[in-house]
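Let's take a walk through a protein chain together. Have the sequence and the 3D view ready, and look things up as we go.

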Amino acid sequence: MSKLKKTSKTKSSDDSLNAGSGKTIEQPNVNDNKLTSITELRQQTGGVAKTGQDPDEQRIRKAFVDKDWNEIKIADSWQIFKVMAEFVEGFEKMSKIGPCVSIFGSARTKPDNQYYQLAEEIASKLVRHGYGVITGGGPGIMEAGNKGARAEGGKSVGLNIELPFEQTHNIYIDQDKCIDFDYFFVRKVMFVKYAQAFVGMPGGFGTIDELFEALTLIQTKKIGRFPIVLVGSAYWGGLFEWINNVMLNEEHNISPEDMHLVQIVDDASEAVKIIDDFYHKYSLSPNF
């Protein structure tokens, strides 16, 4: 416990009040009520979250718990091997698939939505032009991409991730090309490492995350300048107007040439043409 510092005025006042008591005024330690181990946390909660207790609160409290060496060894160290296992399985399966295009988009998009139908059409056209299709393996736009690839007899890859809601793998993925992940960052490596182009359909935070992952790696020259095509000018236009006006022109946080890393279209044929034209410059053919 740390002693409270006193000014000359407060010290003389304390001395007169505590004269002869032998007491020392002490400052409370903010960690007095802090749990000292994961074991103690489990003991307080019965090993699981209490009924009605917010799971987020459990995660937040766990982050403040001091771990002893055995807990670090058991939990954190073994987690490394889980991550390694996901990378090994992903590399082994994905290295054999040949040229592919990753299609990003929302899991919530319904089959009667125009963007679902566009994603299905784009995937079919990509297969006819010699590419395989990689999606996140779930419903919505991901299902549309796999469905379009399967309809044309092309390679249909699904990088599925276990989530508490929304995500279950769709039925249009090739049986030997459905890979399940626990970690988003491992899954994103597979999306980027094994794709020769990226098609971004309207989506939520996950889609934005995947899009900017690819953009950042291209901008920083960690991967080649593969084509990125966004479908839906009404959806993406506002975001890239802000990027141009604020990020580029006002704050100068990116370079003018970075604005050319993405092309926005509204038509399936145009999306596939951009990818084809890019590879024709290098006299490369994606045909399997």
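A nonpolar core is a set of buried Ala, Val, Leu, Ile, Met, Phe, Trp, Tyr and Cys residues joined through side-chain atoms within 4.5 Å. Buried means under 20% relative accessible area, exposed means over 50%, and partly exposed is in between (with a 1.4 Å probe, protein chains only). Before we use these words, a bit of housekeeping. This is a predicted model, where local features need pLDDT of at least 70 and side-chain atom pairs count only at pLDDT 80 or more, while totals for chains, interfaces and linings use all residues. Residues are numbered from 1 along each chain as its sequence is written, and side-chain values use heavy atoms, with hydrogens and water left out.

The protein chain has a mean pLDDT of 83, and 75% of its residues reach 70 or more. Residues 1–21 are another story: pLDDT stays under 50 there. Where pLDDT is low, the predicted coordinates should not be read in detail.

Now for the overall picture. The protein chain has ten helices and seven strands. Helices (H or I, at least four residues) and strands (E, at least two) are DSSP runs, numbered from the N terminus. Of the 288 residues in the chain, 39% count as buried. Contact means heavy atoms within 4.5 Å, and among contacts between residues at least 6 apart in sequence, 71% join residues at least 24 apart.

Let's go inside. The largest nonpolar core has 31 residues, and Met94, Ile134, Leu159 and Ile228 have the most contacts inside it. Elements that give two or more residues to this core include α4 (69–94), β1 (100–104), β3 (156–161) and α9 (233–250). Which residues does methionine 94 touch, leaving aside its neighbours within four places in sequence? They are Ile134, Val157, Leu159, Ile179, Met190 and Tyr194.

Next, find the strands. Two strands pair if DSSP finds at least two bridges between them. Seven strands make an open sheet in the order β4-β3-β2-β1-β5-β6-β7, with parallel pairing. β4 and β7 (262–265) stand at the edges with a single partner strand each, so one side of each has no neighbour in the sheet. On average, neighbouring strands of this sheet are turned by 20° against each other, direction ignored. For such angles, axes are lines fitted to C-alpha atoms (for helices, over the stretch in contact), and the values run from 0 to 180 degrees between N-to-C directions.

Zoom in on β1. It pairs with β2 in the parallel sense over three bridges, and cysteine 100 has glycine 132 in β2 as its bridge partner. β1 also pairs in the parallel sense with β5 (residues 197–200), over four bridges; here phenylalanine 104 stands opposite glycine 200. Over in β2 (residues 132–135), Gly132 and Ile134 point one way, Val133 and Thr135 point the other way, and all are buried.

Helices lie against the sheet too. α8 lies across β1, β5, β6 and β7, running at about 155° to β6. α9 touches β5, β6 and β7, and its direction makes about 145° with that of β7.

Now look at the loop between β1 and α5 (114–128), where you'll find glycine 105. Is glycine 105 buried or exposed? Its relative accessible area is 10%, so it counts as buried. Beyond its neighbours within four places in sequence, glycine 105 is in contact with Ile141, Met142, Met201, Pro202, Gly203 and Thr207.

Most residues other than glycine have a negative phi. Lysine 221, though, has a positive phi of about 60°, and its place is in the loop between α8 and β6. With 73% relative accessibility, lysine 221 counts as exposed. Histidine 252 has a positive phi as well, near 55°. You'll find histidine 252 in the loop between α9 and β7, and its relative accessible area of 59% makes it exposed.

Terms used
pLDDT is the predictor's confidence in each residue, from 0 to 100.
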